[in-house]
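Subject: Structure handover

Hello,

Here is the structure for you to look over. My notes on what was found follow below it.

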Amino acid sequence: MAIEQIKMPQLGESVTEGTIEKWLVKPGDHVNKYDPLAEVNTDKVTAEVPSSFTGIIKELLAKEGDTLAVGEIVCTIETEGGATETVEKVAPEQPKAEAVTPAEVKKEVTSAAPIEREKGAKARFSPAVLKISQEHGIDLSLVTGTGNEGRITRKDLLKIIESGEIPVAAPAQQAVEQTTATPQATAAPKAAPVNVPVAVGDIEIPITGIRKAIATNMLRSKHEAPHAWTMIEVDVTSLVQYRDSIKNEFKQKEGFNVTYFAFFVKAVSQALKEFPMMNSMWAGDKIVQKKDINISIAVATDDALFVPVIKNADEKTIKGIAREVNELAAKVRSGKLKSDEMQGGTFTVNNTGSFGSVQSMGIINYPQAAILQVESIVKRPVIMDGGMIAARDMVNLCLSLDHRVLDGLVCGRFLARVKEILENITKENTSVY
């Protein structure tokens, strides 16, 4: 017999920590290798942590709701047959992002003010903890951590922000920090206490891990990215006629629907090739223009929103995009979407028209630079050339942009090109194959 450790795996690129949403085992349970041990929620996805061994659960070292860094021990297993393999063989421990001292952070993040710990001890913080503390003006030396060995976790800071009682340095210390901080170090407005009266008959709905992750990402996007937006209207009468003329035959032949949305994704991916600046991301001291065109699409369930990715959308046909949209949506709704199917998105196209919306401003899917809302196609009277009025199928396209990366000129040209592509889709010059 041997006691082995199961550690928090890295469940996606840039993921540095995960929250134990639900334990699926308890001490004394027998598990086989690869059996699920716990449901873990990250800011990317909810996934199961598998066992790396066959044996008996010895001890659960984290409670439900605890947030642990990648590589931290979540439980121990008494293995059978004196196994000596370690969990790193299945889920290699990644370089710990939290092993960053304030001095090191100062070199890399110009907006960070020096953080002094009491008694001169060097503290180790994850990038997420440092970022939240800087945004909300939290003095980490005044925070008691609940993580492993007293480590301050993101969950600790979110609780403080929610309470509205932000621990800040004494005035003298603040004066010292202000002399060394860069202009970008100005803290974001502090969160006000949340005090909602609950009356008889009101229903209190617990916040799930995935809903917390959505809230955190949306808040981060709105705080960090200066949002602007613009809208154009597109005459898609020819597109509608073409799609309607082939939809029944296509469904019978392929086994899935060819939707209007597939045409929009194809048009956007084509325009992104011609305007690559739209396919960019803000990276602090530089802008990264992505080579691959990976389109994120939003898929909603009753209580959450997932954003799977169509990889290399510009290389796919309309049929290929329609198939992938159908398959990804089915995976989301059946709970079978994998974490890697939500990674790598460079631009988001959101089908808000499926809910009947005709105009909306989307929140950018951070760290992308833009999101396009495809609204509902509606019949509207339009004045045609020669002054004639005709009923046409019209759709609004609403683009939200990160003004640090994109300006009105490139966005206007990009939208004009998307409009041109869509308005010229006809049975004669467009193939779905």
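**Sheet, helix packing and salt bridges**

Strand β2 (residues 17-23) and β7 pair in the antiparallel sense, over 3 bridges. Strands here are DSSP runs of E with at least two residues, helices are runs of H or I with at least four residues, and both are numbered from the N terminus. Two strands count as paired if DSSP finds at least two bridges between them. Thr-19 stands opposite Thr-67 in β7.

Before going on, the basis: this is a predicted model, in which local features need pLDDT of at least 70 and side-chain atom pairs count only at pLDDT 80 or more, while totals for chains, interfaces and linings use all residues. Residues are numbered from 1 along each chain as its sequence is written, and side-chain values use heavy atoms, with hydrogens and water left out.

Back to the sheet. It is open and has 4 strands, in the order β5-β4-β2-β7, with antiparallel pairing. β5 (46-50) and β7 (67-69) are the edge strands, each pairing on one side only. From one strand to the next, the twist averages 45 degrees.

Next, the helices. α7 packs against helix α8 (residues 318-334) at about 120 degrees, with the axes 9 Å apart. Axes are lines fitted to C-alpha atoms, for helices over the stretch in contact; angles run from 0 to 180 degrees between N-to-C directions. On the α7 side, the contact (heavy atoms within 4.5 Å) is made by Phe-261, Ala-262, Phe-263, Val-265 and Lys-266. α8 supplies Ile-318, Ile-321, Ala-322 and Val-325.

Now the charges. The structure holds 17 salt bridges. A salt bridge is a side-chain nitrogen of Lys or Arg within 4 Å of a carboxyl oxygen of Asp or Glu. Arg-417 and Glu-274 form one of them, at 2.8 Å, N to O. This pair links distant parts of the chain: Arg-417 is in helix α9 (residues 408-423), Glu-274 is in helix α7 (residues 260-274), and they are 143 residues apart.

Asp-402 and Arg-404 also meet in a salt bridge, at 2.8 Å, N to O. Asp-402 is buried, at 1% relative accessible area. Arg-404 is partly exposed, at 25%. Buried means under 20%, exposed over 50%, and partly exposed in between (1.4 Å probe, protein chains only).

Lys-63 pairs with Asp-66 in a salt bridge at 4.0 Å, N to O. Lys-63 is exposed, at 58% relative accessible area. Finally, salt bridges link Glu-254, Lys-319 and Arg-323 in a network.

Best wishes
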